[in-house]
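Dear colleague,

I am handing over the structure we spoke about, and I would be glad if you looked through it with the notes below at hand.

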Amino acid sequence: MSIKIINSKRLVNGQLEDCEVLVEKGQVSELAVKVDGEADKVIDAKGRLLSAGFVDVHVHLREPGGEAKETIATGTEAAARGGFTTICAMPNTRPVPDSKETMTNLFEKIAQDARVRVLPYASITTRQLGGELVDMEALSENGAFAFTDDGVGVQQAGKMYEAMKEAARVNKAVVAHCEDNSLVYNGVAHDGEVSKRLDLPGIPNIAESVHIARDVLLAEAADCHYHVCHVSTKESVRVIRDAKKAGIRVTAEVTPHHLLLNEEDITEDDALFKMNPPLRSKEDQQALLEGLLEGTIDCIATDHAPHTEEEKQAGFVHSPFGITGLETAFPLLNTHLVEKEVFSLEQLINWLTIRPSEIFQLPYGKLEVGAVADLTLIDLEHSKEIDRHNLASKGKNSPFHGENLTGWPVVTIANGKLVFEEDVYEAARS
């Protein structure tokens, strides 16, 4: 089906300009102030902002094995509602995508159920146990986006070095949740004033930064592209900054919740604020923002991590780590940081589209003729309240419940197909 969007705006050198776009055969075939071509469906943007579709390199879809928390269908529905057209799925599923067979089965499920593009990670070690390395060559040939052991990390330096050398050989990135287990001390929150006040075991900053420092030196020796997940501490930002200055191939992401919240936002034993890495100090939060603005941190990723309501009601000590994020990322960042002029709308769009595509060499995140037709239409004037119970994701675990936000995605087109239209969605719900 061909689609034409009329009366939209796009950002050009920081300025909003009129534009229309024609989508044919999955590609942007025309992009101009006025497009003459006809289409099967015409969408009147009514002056809203047109962007390339968002790219999220850190998402947990839970399927297979965790369908009570999320499925590929519900997770990609949440992505579409949030304006994301490409998401990269972490391998902490059961079974783990650690072989040609498990990867093939995962792609079959994705082809059947996904509403947006899903690029699955493979694990670094078999079953994410930190022992035997997976067959990276076979997994790369069968579609693995990159390699990560996700939330458990690779604890042995020698094993990580072997993995990085093999990943470099097959031209794939190693992506890491950085946490030295010997420094975690069974912590469930940041080791700071709030953990002391609530009598919660704390996770010190060095649990993360020590691991990153080790890995950037290993990446240098292995000549491997090394990507750091969800940076949370000022020391981590400093290590990554120094590594980049030294010419090491390191990139990094930060989450919306680490940019917007800190430990002082935790006022009680509320597991909706429990994530890993934990919400750090105000000083850490400021360092993350500065790292993003200066380019030490390359992009924004949600670390969308849905859990069941029952699990999250178990309190800080016993509940699992993680919060949802796909549907609320853009309006949260737009409301709290763009509208307050901490950074520009153009910067935010770049961190959600072009930058993640560039650092992983993906052909997405571009709004231009000939590009894959991944498009997001955003209503910058639209304000509404987050109701976590109405999220498309099965996970309702958002600490931002009740916030009134401005700037919501209203139309999402992925690979040339209309996958979300706010008006249609709301009409179906009423």
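In this predicted model, the buried residues of helix H9 pack against strand S10 (189–190), helix H7 (234–245), strand S13 (250–254), helix H8 (256–260), strand S14 (299–300) and helix H13. The buried residues in question are Asp284, Gln285, Ala287, Leu288, Leu289, Gly291 and Leu292. Directly after H9 comes glycine 295, with a positive phi of about 95°.

Helix H1, covering residues 72–81, has nine of its ten residues buried, and it is therefore largely enclosed by the rest of the structure. Those buried residues are Ile72, Thr74, Gly75, Thr76, Glu77, Ala78, Ala79, Ala80 and Arg81. H1, too, is followed by a glycine with a positive phi, in this case glycine 83, where the angle is near 90°.

On the annotation side, an unreviewed UniProt entry lists residues 47–236 as "domain: Dihydroorotase catalytic". In the model, that span is 36% helix and 16% strand, and its end C-alpha atoms are 41 Å apart.

The largest pocket has a volume of about 550 Å³, and among the 31 residues that line it, His60, Asn92, Asp150, Gly151 and Phe321 are the closest to its centre. By residue class, the lining of this largest pocket comprises seven nonpolar, 15 polar and nine charged residues.

The second largest pocket holds about 340 Å³ of space and is lined by 19 residues, with Ile349, Asn350, Ile354, Gly365 and Leu367 lying nearest its centre. Its lining divides into ten nonpolar, five polar and four charged residues. Which elements each supply at least two residues of that lining? They are strand S1 (3–12), strand S5 (49–52), helix H13 (345–352) and helix H14 (354–359), and of these S5 gives the most, with four residues.

With best regards

Conventions: Residues numbered from 1 in each chain as written. Predicted model: local features only at pLDDT ≥ 70, side-chain atom pairs only at ≥ 80, totals over all residues. Heavy atoms only, no water. Buried < 20%, exposed > 50% of the residue type's maximum accessible area, 1.4 Å probe, protein only. UniProt positions renumbered as here; feature names shortened; annotations may be inferred. 1 Å grid on protein atoms, 1.4 Å probe; cavity = no way out; pocket = protein on both sides within 12 Å on 5 of 7 lines; lining within 4 Å. Points joined across faces, edges and corners; volume = space filled by probe spheres on them. Nonpolar A, V, L, I, M, F, W, Y, C, P; charged D, E, K, R; others polar. Contact = heavy atoms within 4.5 Å.
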